[in-house]
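Please read it alongside the structure shown here.

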Amino acid sequence: MLGFRLRVAVVAGSVAVLVAGWSGAVLAASAPAGYEIAKQNACLGCHTLDRKLVGPGFREISAKYKGDGGAQATLEKKVRDGGSGVWGVIPMPSHPRMSDADIHTVVAWVLAGAPTTAK
Ligand code: HEC
């Protein structure tokens with residue numbers, strides 16, 4: 001009886017390891033939600049991940065606001081309403097049709113350093 005229970009536990013354990021390994025591989029292959037939102041909303045037409053194009057690179061933005069607790073709220077407003085003068089004279093356009101949730105996610109992704117693979 002004890003032998004049987006042990007065997008069941010061992011089999012269940014290896015199934016769990018297999019499932020965990022498999023879902024990890026699937027997650028690693030998918031891009032972060034913020035990156036998808038940036039692509040879908042043409043943010044990458046003016047921003048690259050790591051250097052200035054029309055606007056600053058997303059990783060430059062992340063570096064500038066590192067340690068700034070108010071940056072998430074400030075930048076969500078900036079993406080929604082647009083504005084200029086922080087990086088230069090070229091204005092950042094407003095995005096009135098983006099949902100608050102998408103704006104929140106894309107700004108959090110920028111502040112996290114604009115990773116291209118999910119952790
Ligand atoms: C037409 C070009 C253009 C597009 C499209 C654009 N941006 Fe920008 N963005 C800019 C420019 C130019 C600036 C610099 C504005 C300034 O100097 O205040 C900027 C600045 C920013 C900043 C930093 C703001 C600050 O005050 O430091 C963030 C964050 C940002 N953009 C995110 C986005 C996101 C997210 C999208 C897509 C939803 C997007 N941008 C689309 C041109 C653009």
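A residue is near a molecule if its C-beta atom, placed from the backbone, lies within 6 Å of it. The model discussed here is predicted.

**Ligand shell**

There are 28 residues around the ligand, and those that come nearest are C43, C46, G55, W87 and M92. At least two residues of this shell come from helix 4 (71–81), and at least two from helix 5 (100–111). The table gives the make-up of the shell by class.

| Class | Residues in the shell around the ligand |
|---|---|
| Nonpolar | 18 residues |
| Polar | nine residues |

**Helix 2**

Which residues of helix 2 are buried? In this helix, which spans residues 33–40, they are G34, Y35, I37 and A38. These residues lie on the same side of helix 2 because they cover an arc of only 160 degrees around the axis. K39 and Q40, on the other side of helix 2, are exposed. Helix 5 is included in what covers the buried residues of helix 2; helix 5 also supplies at least two residues of the shell around the ligand. After helix 2 comes A42, which has a positive phi, near 60 degrees.

**Confidence**

The average pLDDT of the protein chain is 86, and 75% of the residues score at least 70. Residues 17–28, however, have a pLDDT below 50. In the model this stretch has three contacts beyond near neighbours in sequence.

How values were computed: Residues numbered from 1 in each chain as written. Predicted model: local features only at pLDDT ≥ 70, side-chain atom pairs only at ≥ 80, totals over all residues. Helix = DSSP H or I, 4+ residues; strand = E, 2+ residues; numbered from the N terminus. Nonpolar A, V, L, I, M, F, W, Y, C, P; charged D, E, K, R; others polar. Buried ≥ 20, exposed ≤ 12 C-beta atoms within 10 Å, placed from the backbone. Arc of directions from axis to C-beta. Contact = placed C-beta atoms within 7 Å. pLDDT = per-residue confidence, 0-100.
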